[in-house]
Amino acid sequence: MRFPDVRLRRLRRSPAIRRLFDAPPPSPAKFVWPLFVVEGERRCEPIDSMPGQNRMSVDVLLRELEPVAEQGIGGGLLFGQTEGAKDAGGSGAFDDRGVVQRAVPAIKRAFPELVVMTDVCLCAYTEHGHCGPLDRHGQVDNDAANGLLARVAVSHAVAGADVVAPSAMMDGQVRCIREALTENGLEQTLLMAYSTKFASSLYGPFRDAENSAPSAGDRKGYQASWGNPRAALRESEFDEEEGADILMVKPALFYLDVLAEVRRRTDLPVAAYNVSGEYSMIHATAARGWGDLHDMARESLAAIERAGADLLLSYWAPFYRELF
Ligand code: PBG
Ligand code: ZN
């Protein structure tokens with residue numbers, strides 16, 4: 001049957017009819033809020049490049065998480081920052097008294113219903129801003145980085161993190177971290193691999209927030225090339241073999257095809273990281289009056305879920321109630 005017998009507009013004639021057939025919004029439980037934790041007390045510093053997001057000390061973080069937990073948001077992903085000296089190997093990242101190591105138990109105690117995840121990397125703690133120590137050619141030393149990343153992951157897991165999430169894109173980092181967790185009796189800790197993580201131009205606002213931009217060079221020697229999606233898919237396959245519990249595609253919106261493909265290839269849960277640039281470009285567009293903030297946010301989040309994401313790591317998480 002064809003037009004005029006079939007009229008597709010019948011199914012969208014009124015809001016009531018449309019509502020019957022529209023997919024429901026992703027539930028709040030699927031959202032994880034990325035958080036920037038800093039030392040000190042009563043610190044809540046707005047991040048210029050990311051409207052609505054702040055660098056927070058632990059006490060402020062606990063206050064801000066209350067309405068978030070109330071809305072049923074799934075959890076938080078912690079990024080730490082140090083005021084102390086940075087060094088060549090980023091040793092501040094595995095300091096037992098570091099800000100992430102202190103934030104984790106505080107959040108667990110106050111909000112047992114939230115899943116606490118931690119970003120495992122070195123770039124916010126190295127003096128050169130790369131995700132691992134440099135060798136004598138100025139390249140990130142893969143295997144040396146792995147040993148340090150394992151120490152970071154163990155320190156987060158000992159602090160009580162439910163999920164550790166290595167983001168450095170070193171070869172073998174997942175295996176190395178999984179082994180270290182097991183050796184330390186931390187076999188219950190979940191490992192979420194930033195597995196298909198592209199060297200993207202969309203991390204700019206985050207690097208401003210974290211003060212983690214490399215002082216020289218870029219991350220193209222370790223993060224996946226967006227020009228070579230097949231190699232990027234292998235990253236996810238390897239991470240699954242190495243013992244990851246959850247895979248991730250990052251960024252999300254420019255890589256929905258890759259997300260759908262990872263979803264098709266694995267039975268592991270797949271997370272999508274709706275990164276800083278994706279968040280800030282919507283804010284920037286809305287600020288110029290070129291689109292409605294909440295409409296654009298909703299549409300983008302629906303796209304990520306439709307592509308197959310089980311988890312949405314997103315700066316929109318604390319605004320769930322305004323959005324849906
Ligand atoms: C650090 C890290 C980055 C992000 C998450 N972990 C930045 C980078 O790789 O340069 C980006 C997150 C975002 O843009 O929201 N390894
Ligand atoms: Zn890094």
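1. A polar contact is a pair of N or O atoms within 3.5 Å; within protein, one must be able to donate a hydrogen and the other to accept it, and residues adjacent in sequence count only if both atoms are side-chain atoms. Lysine 197 has a polar side-chain atom 2.8 Å from an oxygen atom of ligand 1.

2. On provenance: this is a predicted model, where local features need pLDDT of at least 70, side-chain atom pairs count only at pLDDT 80 or more, and totals for chains, interfaces and linings use all residues. Side-chain values use heavy atoms, without hydrogens and water, residues are numbered from 1 along each chain as its sequence is written, and chains are lettered from A and ligands numbered from 1 in the order written.

3. Ligand 1 also has nitrogen contacts. A nitrogen atom of ligand 1 sits 3.1 Å from a side-chain N or O atom of serine 167. For lysine 250, the distance from a side-chain N or O atom to a nitrogen atom of ligand 1 is 3.4 Å.

4. Now the metal. Cys121 (SG), Cys123 (SG) and Cys131 (SG) coordinate the zinc ion (ligand 2) at 2.2 to 2.3 Å. Donors are N, O and S atoms within 2.8 Å of the metal (3.2 Å for Na, K and Ca); water is not among the atoms, so sites may look incomplete. Along the chain, the donor spacing is C-x1-C-x7-C.

5. The geometry is tetrahedral because the four donor atoms around the zinc ion (ligand 2) subtend angles of 99 to 118°. Four donors count as tetrahedral if all angles lie between 85 and 135 degrees.

6. Cysteine 123 and cysteine 131 are both buried, meaning under 20% relative accessible area (1.4 Å probe, protein chains only).

Technical notes. Four donors count as tetrahedral if all angles lie between 85 and 135 degrees; four count as square planar and six as octahedral if opposite donors are over 155 degrees apart and all others between 65 and 115; anything else is irregular. Buried means under 20% relative accessible area, exposed over 50%, partly exposed in between (1.4 Å probe, protein chains only).
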